[in-house]
Amino acid sequence: MKTNEFDCIVIGAGHAGAEAAHAAARLGLATALITLSKSTVAQMSCNPAIGGLAKGQIVREIDALGGLMGLAIDATGIQFRILNRSKGPAVQSPRAQADKYQYARWIAEALANTPGLTLVEGMVRDILVEDERVTGVLLEDGTYYRAPAVVTTTGTFLKAVMHVGTDQAPGGRLNQPASNHLSDCLRRLGLKVSRFKTGTPPRLDGATVDYDRLEVQHGDPDPLPFSFVNDRIARPQIPCWVTYTNERIHQLLRENLARAPIYSGQITAVGPRHCPSIEAKIVRFSDKDRHQVYLEPEDEAVSTIYCNGISTSFPKDVQERMIAMLPGTEGARIVHYAYAIEYDYCPALQLKRTLETKKIDGLFLAGQINGTSGYEEAAGQGLWAGINVAQKLAGRDPFILARSDGYLGVLVDDILTREINEPYRMFTSRAEYRLSLRSDNADRRLTPIGREIGLVDDHRWERFQQKLTDITALKAYLTETRSQGVSLWDHLRRPQSPLAGRLGEDPFVQDRQLRLEVQQATIIEAKYEGYLVKQDRLIANLKTLDRQRIPGGLDYEKIEHLRGEGREKLSTFQPETLGQASRIGGITPADITVLQVHLKKVRGMQGQVVSNR
């Protein structure tokens, strides 16, 4: 038997695994990234896109901390757009279509060039544990890999079953096997395992689509990068197209609902409510006579088309008839049929805020195994876990972001304090402090943290420092310069101020060649100044509760005056702070007050014991 020694082992090389392994290795850990195949690293199994509403903010935060995703999409994107341009900056989000093959190759190359990172092909059979501490993993071929920390990022592979009509086959995605032994291993280790469902739409041969019959959707004429180290996107931009379902299609699907696994009883797991299959749409929204379908190219050559909006598990013959009735695709050839997939996941209430399991020391979970959906949510968790492995092994304080620090903080806090009953997806509405958690200021919020951790290199740091200097100089100029008796800064604060549109023409801006991102950051800061002052007060109150820690293993059954539901919820979730406790569904302000009083008593008694000694 072969044995290999590492500091950190990452299971799975999807979007979570790639970020986790990259972060751990960059922070000095000898890291093994174990994947079924090196050819499927960072594969885009679902839609070929990065970013979107709220997700774009996550990508910018990953980039600000020193992660890979923003750089990768800038290098391989084929259409870039800012969503919600007509709304305020707080809910605007970048999104980009990717050449999914180039994207995966870019990530694979970045990982291959990361010192201290070893890519291993194989399937993990068991996670090895001694005295409730991780010691390594065992592969199906009998090879042992030893490490004091393991990050599990298994995506949709655990006990996965794919469905196309009545046809079922084990598999984590198209042409990839399921991971059954590892799922059993997690159960044996005492982790709770539940089941979710997701799905994909059919892919079409791009050469067989009638584009003249479709609405064209172009990207932005001057696309903005995701990464804060890039000034512009120089790649060619490719359009997407839009079509719509119709009553003929809806009638076809209604007539065949009994053959759809989610209605026949063949699939029992819960799927994502926010991204329903086309069969769920026609049932749930029976009053609608059409549904939008985005035809998105999967690569620069437009060789295949992703039909975003008609995810399904109908049999192949129904899929073929549906595509033949869809305007613009009547003669299109299906390259890959749509399928649904059921898979195991571990509810995240079993995790600490570092994403380490409460039960097994050194075992971290990140990505869809925690009940989330989406590349961006997975990548963010992977980065979070990878950093915390390095912090733990070095004996440093854990890396934790509060809800007021970033969407990543909202994401982790949500999955730890909410009862997740469907795959979790990030929305701007989930972030109560979204006015200050904008995509444009992710670098100002998080780059100093990334620098302190050790992921932000000198080039990024110098660029960031220059940006801060430029913003400070521009704000000072606007505050000190007056027009019609009012400072330019106050002019900017007014709604519909014409100054915002012509700031780039100002001699001060031109003489100093201030970048567009500096101008925009300053304009947004001026417009939101009053709102942000109020929000800062709310954030201060939140952090007061989050600083009050709850001792581990607290017996809530013994706390007097705590409601029955409060006892049950707190015992189940075992929050680490009062702030976290306050966000658990079903916990009331009265419960928090009772808990605060109890903790003061306990601490007072502990202090008395110490003084008596």
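User: What does buried mean for a residue here?

Analyst: The structure is a predicted model. A residue is sorted by its relative accessible area, and over 50% it counts as exposed. Between the two cut-offs it is partly exposed, and buried means under 20%.

User: Which residues of α4 are buried?

Analyst: Helix α4 runs over residues 100-112 and has 13 residues. From its first C-alpha to its last it reaches 18 Å, close to the 18 Å expected at 1.5 Å a residue. The buried residues in α4 are Lys 100, Tyr 103, Ala 104, Ile 107, Ala 110 and Leu 111.

User: How many degrees around the axis of α4 do they cover?

Analyst: An α-helix has 3.6 residues a turn, so residues three or four places apart point the same way. In α4, Lys 100, Tyr 103, Ala 104, Ile 107, Ala 110 and Leu 111 are buried. They are on the same side of α4, because the arc they cover around the axis is only 125 degrees.

User: Which exposed residues sit on the face of α4 turned away from its buried side?

Analyst: The buried residues of α4 are covered by elements that include α1 (15-26), β3 (31-35), β4 (49-51), α3 (69-76), β6 (93-98) and β7 (117-121). On the face turned away from the buried side, the exposed residues are Arg 105, Glu 109 and Ala 112.

User: How far apart in space are Leu 53 and Met 426?

Analyst: Leaving aside neighbours within four places in sequence, Leu 53 is in contact with Leu 83, Asn 84, Val 91, Ser 93 and Met 426. Leu 53 and Met 426 are 373 residues apart in sequence. In space, C-alpha to C-alpha, the two are apart by 8.2 Å.

User: What is the phi of Asn 84?

Analyst: Asn 84 is found in the loop between β5 (77-83) and β6. With a relative accessible area of 23%, Asn 84 is partly exposed. Most residues other than glycine have a negative phi. Asn 84 has a positive value, near 65 degrees.

User: Is Gln 513 buried or exposed?

Analyst: Gln 513 lies in the loop between α16 (507-511) and α17 (516-546). Its phi is positive too, near 50 degrees, in a residue other than glycine. At 70% relative accessibility, over the 50% cut-off, Gln 513 counts as exposed.

User: Are α2 and α3 roughly parallel or roughly perpendicular?

Analyst: Two packed helices are described by the angle between their axes and the distance between the axes. Where α2 and α3 pack, the axes are 7 Å apart and the angle is about 110 degrees. Angles of 65 to 115 degrees count as roughly perpendicular. The two helices, α2 and α3, are therefore roughly perpendicular.

User: How many residues in the contact of α2 with α3 are nonpolar?

Analyst: In this contact Val 59, Ile 62 and Asp 63 in α2 meet Met 69, Gly 70 and Leu 71 in α3. Of the residues in the contact of α2 with α3, 1 is polar, 1 is charged and the nonpolar ones number 4.

User: Are α6 and α9 roughly parallel or roughly antiparallel?

Analyst: Helix α6 (residues 247-255) and helix α9 (residues 316-325) pack with their axes 9 Å apart, at an angle of about 170 degrees. Angles over 145 degrees count as roughly antiparallel. So α6 and α9 are roughly antiparallel.

User: How many charged residues does the contact of α6 with α9 have?

Analyst: Arg 248, Ile 249, Leu 252 and Leu 253 in α6 meet Val 318, Arg 321, Met 322 and Met 325 in α9. By class, the contact of α6 with α9 has 6 nonpolar residues and no polar ones, and the charged residues number 2.

User: What does α11 pack against?

Analyst: Helix α11 (residues 407-417) is largely enclosed by the rest of the structure, because 11 of its 11 residues are buried. Among them are Tyr 407, Asp 413, Asp 414 and Thr 417. The buried residues of α11 pack against α2, α10 (375-393), α18 (564-573) and α19 (578-582).

Key. Residues are numbered from 1 along each chain as its sequence is written. This is a predicted model: local features need pLDDT of at least 70, side-chain atom pairs count only at pLDDT 80 or more; totals for chains, interfaces and linings use all residues. Side-chain values use heavy atoms; hydrogens and water are left out. Helices (H or I, at least four residues) and strands (E, at least two) are DSSP runs, numbered from the N terminus. The expected span of a helix is 1.5 Å times one less than its number of residues. Buried means under 20% relative accessible area, exposed over 50%, partly exposed in between (1.4 Å probe, protein chains only). The arc is that of the directions from the helix axis to the C-beta atoms. Contact means heavy atoms within 4.5 Å. Axes are lines fitted to C-alpha atoms, for helices over the stretch in contact, and angles run from 0 to 180 degrees between N-to-C directions. Angles under 35 degrees count as roughly parallel, over 145 as roughly antiparallel, 65 to 115 as roughly perpendicular and the rest as oblique. Ala, Val, Leu, Ile, Met, Phe, Trp, Tyr, Cys and Pro count as nonpolar, Asp, Glu, Lys and Arg as charged, and the others, Gly among them, as polar.
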